[in-house]
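Hello,

Here is the structure I promised to pass on. Please open it and keep it beside you while you read my notes.

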Amino acid sequence: MGSYPPQKAEHWIRVLKRLGFVKKDRIGKGKHANKFIHPARKTKNWKEQPNFIIIPHHVYEVMSEKIIKELSYFGLTEKEIEDCC
């Protein structure tokens, strides 16, 4: 088990894959971030959080807290996220 919340992009990618998210190829210019979608889960309110999550290449502590909040829109609890770390 790693630290919670993860502080590196590689750790967040690993956590998202364990939670069932799939990396989506981006269309257009720019490869500064990774886009993930969940094939079965949709967000509760798509106006506040779209049906995907972006993980930038450089993750800071404040961003980790925001990612946890974004995952909660998919119906995931903080305990589920922590178990995948």
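Predicted model: local features only at pLDDT ≥ 70, side-chain atom pairs only at ≥ 80, totals over all residues.

Three strands make up an open sheet. Their order is S1-S2-S3, and the pairing is antiparallel. S1 (22-24) and S3 (52-56) stand at the edges. Each has a single partner strand, so one side of each lacks a neighbour in the sheet. From one strand to the next, the twist averages 40°.

In general, strands of a sheet pair through backbone hydrogen bonds, and the pairing can be parallel or antiparallel.

Now look at S2 (residues 33-37) and its pairing with S3. Five bridges join these two strands in the antiparallel sense.

The salt bridges

How many salt bridges does the structure hold? There are two.

One joins the side chains of Lys 66 and Glu 70, at 3.3 Å from N to O. Both residues sit in helix H2 (residues 61-72). They are four residues apart, so about one helical turn separates them. Glu 70 is buried, with a relative accessible area of 13%.

The other links Lys 79 with Asp 83. Here the closest N and O atoms are 3.3 Å apart. Both residues lie in helix H3 (residues 78-83). Again the spacing is four residues, about one turn of the helix. Lys 79 is exposed, at 54% relative accessible area. Asp 83 is partly exposed, at 46%.

The cysteines

A disulfide is a covalent bond between the sulfur atoms of two cysteines. How many disulfides does a search of the whole structure find? The count is zero.

A disulfide needs the two sulfur atoms within 2.5 Å. Seen from Cys 85, the closest cysteine sulfur is the one in Cys 84, so a bond is ruled out by distance there as well.

Are these two cysteines buried or exposed? Cys 84 counts as buried, at 15% relative accessibility. Cys 85 is buried too, at 10%.

Best wishes

Key: Residues numbered from 1 in each chain as written. Heavy atoms only, no water. Salt bridge = Lys/Arg side-chain N within 4 Å of Asp/Glu carboxyl O. Buried < 20%, exposed > 50% of the residue type's maximum accessible area, 1.4 Å probe, protein only. Pairing = 2+ DSSP bridges. Axes fitted to C-alpha atoms, helices over the stretch in contact; angles between N-to-C directions.
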